[in-house]
Amino acid sequence: MGACCSGEESKQIVEEEPTEIEQKAADAIEATKAIAEAAQKKAAEVTVAVQDEVAAIAEAAKEIAEGAAQKVAHIDQAAQKEGAEVAEAAEAKVAAIVLAA
């Protein structure tokens with residue numbers, strides 16, 4: 001016959017091979033699940049980190065905006081004060097000219 005195995009041995013090999021293939025498939029499925037879980041965990045960590053960075057940037061932008069608003073208010077107050085002083089000086093000059101006339 002020339003075959004390396006008897007009929008009984010062939011039957012045994014055929015019965016064992018699907019079990020080995022099934023085990024490898026199960027191992028591959030478990031490995032894939034583990035990879036997927038690790039990827040989900042990493043994605044969640046990255047999402048949290050990005051949210052933290054966005055929150056920090058938003059807070060910094062808020063502080064910058066508040067500082068800018070305060071500076072504008074100071075500039076506005078200084079301009080109003082200077083405008084009032086110029087108006088008073090102009091009124092005094094007009095009054096001096098009227099009195100001199």
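1. Start with Val50: in this predicted model, Val50 sits in helix H1, which covers residues 7-100. That is the one helix of the protein chain, and there are zero strands.

2. Is Val50 buried, exposed or partly exposed? Its relative accessibility is 46%, so Val50 counts as partly exposed.

3. Now zoom out to the whole chain. Of its 101 residues, 0% count as buried. The chain exposes about 8,800 Å², and carbon and sulfur atoms supply 63% of that area.

4. Next, the charges. Side chains of opposite charge can pair when their charged atoms come close. How many salt bridges turn up in a search of the whole structure? The search finds three.

5. Take Glu20 and Lys24, whose side chains meet at 3.5 Å, N to O. These two are four residues apart in helix H1, so about one helical turn separates them. Glu20 is partly exposed at 47%, while Lys24, at 54% relative accessibility, counts as exposed. The cut-off to keep in mind here is that exposed means over 50%.

6. Lys33 and Glu30 form another salt bridge, at 3.8 Å from N to O. Both lie in helix H1, three residues apart, about one turn of the helix. Lys33 is partly exposed, with a relative accessible area of 45%, and Glu30 is partly exposed too, at 48%.

7. Finally, look at Lys42 and Glu45, with their closest N and O atoms 3.9 Å apart in a salt bridge. They are three residues apart in helix H1, which means a separation of about one helical turn. Lys42 is exposed at 51%, whereas Glu45 counts as partly exposed at 41%.

Definitions and conventions:
Residues are numbered from 1 along each chain as its sequence is written. This is a predicted model: local features need pLDDT of at least 70, side-chain atom pairs count only at pLDDT 80 or more; totals for chains, interfaces and linings use all residues. Side-chain values use heavy atoms; hydrogens and water are left out. Buried means under 20% relative accessible area, exposed over 50%, partly exposed in between (1.4 Å probe, protein chains only). Accessible areas come from the Shrake-Rupley method with a 1.4 Å probe; for residues, only the protein chains shown count as cover. A salt bridge is a side-chain nitrogen of Lys or Arg within 4 Å of a carboxyl oxygen of Asp or Glu.
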